Structure formats: structure tokens, C-alpha cells
Amino acid sequence: MPVDPHLRAVKDLANAQAELARLQRRESELVQELVDMRKAVAAQKVVVDELVVVIDDLAKASATQHIERLPNELLAEAFLYIKDEWHNLVSVSRRWRAVIIDTPGFWSEINLDRYCSVPTLLKLHLERSRQTPLTLVLGSYDQELLDIVMLHANRLHTLRINGHAPQILSRITHVRLPSLQHLAANVPEDLVNLLPAIHPRIPSLKRLELGISSASSMFYGYLGNDIPRRSPPHIIAAESLEELSLTSFVFDWEFQQDSIQFPLLRRLTLDVSCPVPFLEVLVAPKLTHICFTGGYCGAVSPREFSGTWSKFDNVTHITFALSRFEHAVNEQALSLCPIFRGTRYADIHVEYVPMMFNSSLTGHGQIPADHWTCLESLSIRNFTFSSLDAFEDLVAWFTQRRDSGQRKLHFKLIHEDQAHDLVTLNTSHTLYQTLQECCASVVLDGVPLSAY
């Protein structure tokens, strides 16, 4: 006997409503279980924290007994690993205080601003540092204090100039710094005529962090090129430089190609609006690491590279990060992908994912990351829940690589500790499943998995 369609529909509806009611009950149960679990976790955390305090107190008492048996040399070596806590260490015992005072490594860093109007304490600090290499941080300008430090100029290893650069650099032009290996300074435009006088004074410089306010001629002059034309080796010991970090508003450099040479440069960080002009003039045969942070985005359109492509074939590591000053991606990154076509290891901020794995922005239909034909490893940083949508293009890119038989990559997804967004990746999510299918290995750093 045929079943009445109406009755069948009513029966199906009743079954569907019953299943919905069952699922809703189960949902409520799970929600309640989650609430109960969170309460239990919170309570257990309190217990754990209390036990940690108890164990800490016992461990400190026991450790102090063992530490007191160490000779002063080993005690000093141990303290140097936590020397930022020296103010707390000196109050533990007279012996600890004596060890710290007698250990030059505790006195190797000098922030000159802390000694304003107290030159006697500065002299005591320098005396305690003996012959150890010095790190000097300068924010304000005090002629008397700077003169005291310059008596130990031969020991300066690191110099950070955070303010008053004109007066400080003017003083340095009269002093030779034979051991200086790391210089960090924000340089205003009006120092273009002062910089060349400094170059012969720092023959051992290996790491330079330079912030430039505007004039392109300044940086060019700093490297010893035409203004007027002069021989680079006679102006700066560029032969020794291994790391360069450049922050600048400048984007209209018009220099002769391949005119700035750094034979030992290994790492380059560019926080500039338009990096291509600088790369066109740069010659660095040992360069292996490039980091682009792309600050000062403005409205500068990406520019194609017109230099010698092969000069960057040794670059194997590329990083795209966000600038400290502007938390936005810079489309200039698109022009860097074909320049560094030998990239084997890429480290990319999550905000760059839609740009790097989508062909719509390039104008010629090629996905920017496809220029990296030697790519072996890919890391994505600052992963959050809100960034999941940006991974659609990445999933499609991985799938296309698998289907075309290309090399499987080692992949790392990183959730930074400072991010406030709690991240859990579901094992059923398309992103996770694609990574497992298409990658040689998958590392989830700070991204726990969930089966629900």
C-alpha cells in the first residue's frame, strides 16, 4: 500500500526535530562540560601555583647552600647569565656583592644617561669594567661624561646613539675607535658632510644599523661614493661590514648601478618604502640573508629591478616582516621575489600571505612565491584565528604544487607569544589537512591541535 507523501514528510520532520533536539541537548552538555572543565583547570592552576611557590622556596634554600660551595670564578660565570638581575643579586649576601663588583662583565654596558651630573660614578663603573669590551648607549649629550668614556675609546665594541647624533658624532670624529664592531645611529640629513670624517675611525665595523631622515645623498656619501666621486676604500672600511640595517624615508635614490660594494656583507635588513633602487646599486657577493620590513609605505608603486640578476644568486634566506613604525604590508615585496629567486628558506608575516600566494596583484599572472624555484622551507609567523581566511590562497598553492609533482616543503606555522588571540587549529580544517598531505614536515609552534 503506497505511503501518503504528506505522512512521510511529517514523519521525516518529526525525526529531524528529534535529532535536532538530541544535538541541542548534547551541545548544552558539552558547553556545561567545558564550563566545568575551565573551573577545574582554574582551581588546579591555583594548586599548582601554590606548590610551585613551596618548591621554589625549598629549591632556593637548597640551591643557595650548593652555590655557596662554588669558587668565586664559577659563581661569577653563573651570575653573568642573569646579569640583568644584578641589583637583586647584590642584596643576597656580602660575598655575592663582592663577586659582582669584582667581575668586569657586569660593568661592560654603560647607559650614559644614568650618570648625568654624577661623573664620579661613571669613572667607578669604568674602573670596575677593567679591560672588557664596552657597550655604550647615548641618548642625551653631556660633553663631560662623553669625554670620560672616550678615554676608553679603544675598548668600545658597541655604540648606540639614540639622540643628539650631531653633537655625539662630531665628538667621535676626533677619536679613533679601533675595536668598534657594532654601530647603531639615527642620522639627520645635515650630517652628510660629517660622516666621511668618521669612516677611518671605525676600521673594524661589522654591524651597522643606520636610520636616515631624508636626503639620499647622505647614505651615498656615507659609503664613500660620488659627492664628489671618491674611492670607497679611502672613506669607509666597507670591506669589514657583515650586517647592514637601513631605515629610511628615502625612495628616490638615483645612483650608478653596482656602485656600492660590500664584499663581506652577509645580512641585509631594509625598512624602506622602495628597496629596488638600493638593490640595483648594491654589490654583496656573500649576501645570504635579506629581511624586508617595508616601512613608510606611502603611495610608492612597485618598481621592477633593472640591475644584474645573478648578483643575488647566493641569497638563500628571505624574511618579510612588519615594520615597527607601520603595521601594514608593503607591495614592494612583490618586486623582491624574482630578485631573490634562489631563496630556499622563507619566513613571512601572516599579513603577507594573501600577497605572496595570489597572482592577481602581480599584473603578469604569476604567483610571487613561484619565483622561488629552490624553496625548501616556509614559515608563517603571527598566525591567529582572524588570519585563517587569508590562508585560502596558500591552501590552493600547496595543492597546486602537489598536483604538479613539485618538491614538498618543510612548513612551520608560528603563533607569537605576545599575540592575545588564543589559537587552536582543528584537525578537520582544510588548512591542516592540506599541510599534512602536501608538506614534507609540519611544525606547529604555539598552535595546539584540536579534534573538535
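What share of the 452 residues in the protein chain is buried?

1. Buried residues (under 20% relative accessible area with a 1.4 Å probe, protein chains only) account for 41% of the 452 residues. The model is predicted, so local features need pLDDT of at least 70 and side-chain atom pairs count only at pLDDT 80 or more, while totals for chains, interfaces and linings use all residues. Residues are numbered from 1 along each chain as its sequence is written, and side-chain values use heavy atoms, with hydrogens and water left out.

2. The protein chain contains 13 helices and 17 strands, taken as DSSP runs (helices: H or I, at least four residues; strands: E, at least two) numbered from the N terminus. Of the contacts (heavy atoms within 4.5 Å) between residues at least 6 apart in sequence, 66% join residues at least 24 apart.

3. Helix 2 (residues 72-80) packs against helix 4 (residues 94-101) at about 75 degrees, with the axes 10 Å apart. Axes are lines fitted to C-alpha atoms over the stretch in contact, and angles run from 0 to 180 degrees between N-to-C directions. Helix 2 is therefore roughly perpendicular to helix 4 (65 to 115 degrees). Asn72, Leu75, Ala76 and Phe79 of helix 2 meet Arg95, Trp96, Val99 and Ile100 of helix 4.

4. Threonine 132 lies in the loop between helix 5 (119-129) and strand 2 (134-138). Threonine 132 is buried, at a relative accessible area of 19%. Leaving aside residues up to four places away in sequence, Threonine 132 touches Pro104, Ser108 and Arg155.

Notes:
Buried < 20%, exposed > 50% of the residue type's maximum accessible area, 1.4 Å probe, protein only. Parallel < 35°, antiparallel > 145°, perpendicular 65-115°, else oblique.
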